[in-house]
Amino acid sequence: MKTFRSSDGIQWGIELGPPGASNAMIIFRHPDGRSSRLDRYNWINWPGGEATNVTARLAPRQVLDSLTDDVVQRLYHRSMPVSRSTPSTMQ
């Protein structure tokens, strides 16, 4: 698994969700591990020739290996929470 250290010092684990033919979900796993509520995600569009074959699937290792530090940083800064926070009161 790849890792990424955000500007606030948190060491995130990087995983790949089920890849498609032309894109893949990049999941940033929070080190707490007690809840996926703190995890984040973003999508990467694959520029390779595999993207033209709708029945193909990207190779997860190839996608992870292609993620440079700059790409990971950009994906993280534009990432979204996996789930929203739980409201403190229900009305």
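These legends describe close-up views of a predicted model.

The model is predicted, so local features are given only where pLDDT is at least 70 and side-chain atom pairs only at pLDDT 80 or more, while totals for chains, interfaces and linings use all residues. Residues are numbered from 1 along each chain as its sequence is written, and side-chain values use heavy atoms, with hydrogens and water left out.

**View 1. An open sheet of 5 strands with antiparallel pairing.**
The strands follow the order β1-β2-β3-β4-β5, where strands (E, at least two residues) and helices (H or I, at least four residues) are DSSP runs numbered from the N terminus, and two strands pair if DSSP finds at least two bridges between them. At the edges stand β1 (2-5) and β5 (80-81), each of which pairs on one side only. Helix α2 (residues 69-77) packs on the sheet and touches β1, β2, β3 (23-29) and β4 (40-45), a contact being heavy atoms within 4.5 Å. The direction of α2 makes about 125 degrees with that of β4; such angles run from 0 to 180 degrees between N-to-C directions, with axes fitted as lines to C-alpha atoms, for helices over the stretch in contact.

**View 2. The neighbours of strand β2 (residues 11-16).**
β1 and β2 run antiparallel and are joined by 4 bridges; Thr3 stands opposite Gly13, and Phe4 has Trp12 as its bridge partner. In the hairpin of these two strands, with 5 residues between them, Gly9 takes a positive phi near 90 degrees. β2 is also joined to β3 by 4 bridges, again in antiparallel fashion, with Glu15 partnered by Ile27, and the hairpin of β2 and β3 has 6 residues between the strands.

Asn42 counts as buried because its relative accessibility is 11%, where buried means under 20% relative accessible area, exposed over 50% and partly exposed in between (1.4 Å probe, protein chains only). A polar atom of the Asn42 side chain lies 2.9 Å from the backbone oxygen of Leu75, and a polar atom of that side chain lies 3.5 Å from the backbone oxygen of Arg78. Leu75, found in helix α2, is itself buried, with a relative accessible area of 10%. Not counting residues up to four places away in sequence, Leu75 touches Ile26, Phe28, Asn42, Trp43, Ile44 and Leu67.

**View 3. The aromatic cluster formed by Phe4, Trp12, Phe28 and Tyr76.**
The structure holds 4 aromatic pairs; rings of Phe, Tyr and Trp (its six-membered ring) pair if their centres lie within 6.5 Å, and planes under 30 degrees apart count as stacked, over 60 as edge-to-face and the rest as tilted. Trp12 and Tyr76 form a tilted pair, 5.4 Å centre to centre and with 50 degrees between the planes, which links strand β2 to helix α2 across 64 residues. Trp12 is buried at a relative accessible area of 3%, and Tyr76 is buried at 12%. The ring centres of Phe28 and Tyr76 lie 5.4 Å apart with planes at 75 degrees, so this pair is edge-to-face. Because Phe28 lies in strand β3 and Tyr76 in helix α2, the pair ties together parts that are 48 residues apart in sequence.

Terms used: Polar contact = N/O pair within 3.5 Å; in protein donor to acceptor, adjacent residues only side chain to side chain.
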